[in-house]
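Subject: Structure handover

Hello,

Please find below the structure I said I would pass on. My notes on it come after it.

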Amino acid sequence: MGLLSNRVERDEIKPGDHIYTWRAVYTYSHHGIYVGGSKVVHFTRKSDLSSSMNTSLSSSSSSSKLPSACPTFPDCGFRQPNSGVVLSCLDCFLGNGSLYYFEYGVTPSVFLAKVRGGTCTTAKSDPPESVIHRAMHLLQNGFGNYDVFQNNCEDFALYCKTGLLVGEKSGVGSSGQASSLIGAPLAALLSSPLKFFMAGPVGVATVTAGMYCMSRYATDLGVRTDVINVPVEDMAVNLLEGVPEEAEASSNKFTEQPASK
């Protein structure tokens, strides 16, 4: 892959690859797992799917049309009820965008050189058969609720590739895009008290850029310490653990039976 771009041609990708495409003039990217046969399994908002809309790391107003009837593949757009995991053909996944390959196992220097988040990780990928198994299992069983910072399309693809999830539900997830969105303003905030000790705007910019890169690196899936390996068959239990206590108690009211007298 190139240092500035991970763009690839369609004949270069293989089943089990993590792919993505840029949307809205490179504002954000949408990620998925290529499972072969020109099919991609990806994750998006449930509400957007129900209205035939496909979104990624963005607000609901920034979305791309997902055709309700694909002219090439009858099963394009398949999903389970109330699930954000969807099977699309490669054409519909890309829309009018180009195809890019997400890199795994890169060195720290390469990771930091890729200034834009959501293009690579230092984490190692599992074998393609494990990746495809996770993607197809989640297509049938879901991946919880979409959250722009903690559970988005990139988090889905990263989990399929590695089996790793962020154990702590608060804070930022494993997504490089989310860490970039948080890292930029955080770096500017942290560097502002230091501006009096630096010679001019160049010094401020240098320190801000350095803090931004380090904040991205600290939240990368391959180096953070708050990740756990979760078998895909146990994902339902793991997702239930993230349900707020109030909601869980409300659910129990309908499942508990009164003791017989």
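First, the ground rules. This is a predicted model, in which local features need pLDDT of at least 70, side-chain atom pairs count only at pLDDT 80 or more, and totals for chains, interfaces and linings use all residues. Residues are numbered from 1 along each chain as its sequence is written, and side-chain values use heavy atoms, with hydrogens and water left out.

Helices (H or I, at least four residues) and strands (E, at least two) are DSSP runs, numbered from the N terminus. Two strands are said to pair if DSSP finds at least two bridges between them. Strand 1 (residues 18–23) pairs with strand 2 in the antiparallel sense, over six bridges. One of the bridge partners here is I33 in strand 2, which goes with H18. The hairpin of these two strands has four residues between the strands, and A24 in this hairpin takes a positive phi near 50°.

Strand 2 is also antiparallel to strand 3 (residues 39–43), with four bridges. Across this pairing, Y34 stands opposite V40, and I33 has V41 as its bridge partner in strand 3. Two residues lie between strand 2 and strand 3 in their hairpin, where G37 in the turn has a positive phi of about 60°. S38, in the loop between strand 2 and strand 3, also has a positive phi of about 60° although it is not a glycine. S38 is partly exposed, with a relative accessible area of 31%; buried means under 20% relative accessible area, exposed over 50%, and partly exposed in between (1.4 Å probe, protein chains only).

Strand 2 covers residues 28–36, and nine of its nine residues are buried, so the strand is largely enclosed by the rest of the structure. Strand 3 is mostly covered, with five of its five residues buried. In a regular strand the side chains alternate between the two faces of the sheet. For strand 3, K39, V41 and F43 are buried on one side, and V40 and H42 are buried on the other. Strand 3 is joined to strand 6 by five bridges, and the two run antiparallel. Within that pairing, K39 has C89 as its bridge partner in strand 6.

The cores

Which residues have the most contacts inside the largest nonpolar core? They are V41, L138, F143, F156, Y159 and M235, in a core of 20 residues. A nonpolar core is a set of buried Ala, Val, Leu, Ile, Met, Phe, Trp, Tyr and Cys residues joined through side-chain atoms within 4.5 Å. At least two residues of this core come from each of strand 2, strand 3, strand 6, helix 4 (128–141) and helix 5 (153–162). Another core, of ten residues, lies apart from it and includes Y20, F102, L158 and V227.

Taking F156 by itself, and leaving aside its neighbours within four places in sequence, the residues in contact with F156 (heavy atoms within 4.5 Å) are V41, H42, F43, V85, L138 and F143.

Cysteines

The structure holds zero disulfides, a disulfide being a pair of cysteine sulfur atoms within 2.5 Å. For C76, the nearest cysteine sulfur is that of C92, 3.7 Å away. C76 is buried at a relative accessible area of 6%, and C120 is buried at 5%.

The loop between strand 5 and strand 6

R79 lies in the loop between strand 5 (64–65) and strand 6 (85–89). Its relative accessible area is 28%, so R79 counts as partly exposed. A polar atom of the R79 side chain lies 3.5 Å from the backbone oxygen of S83. R79 is 60 residues from L139 in sequence, but their C-alpha atoms are 6.6 Å apart in space. N82 is placed in the loop between strand 5 and strand 6 too. N82 is exposed, with a relative accessible area of 66%, and its phi is near 60°, a positive value in a residue other than glycine.

T162

T162 is in helix 5 and counts as buried, at 3% relative accessibility. Its side chain reaches the backbone oxygen of L158 at 2.8 Å. Leaving aside neighbours within four places in sequence, T162 is in contact with Y104, A123, K124, D126, R134, L221 and N229.

Regards

Note on methods: Polar contact = N/O pair within 3.5 Å; in protein donor to acceptor, adjacent residues only side chain to side chain.
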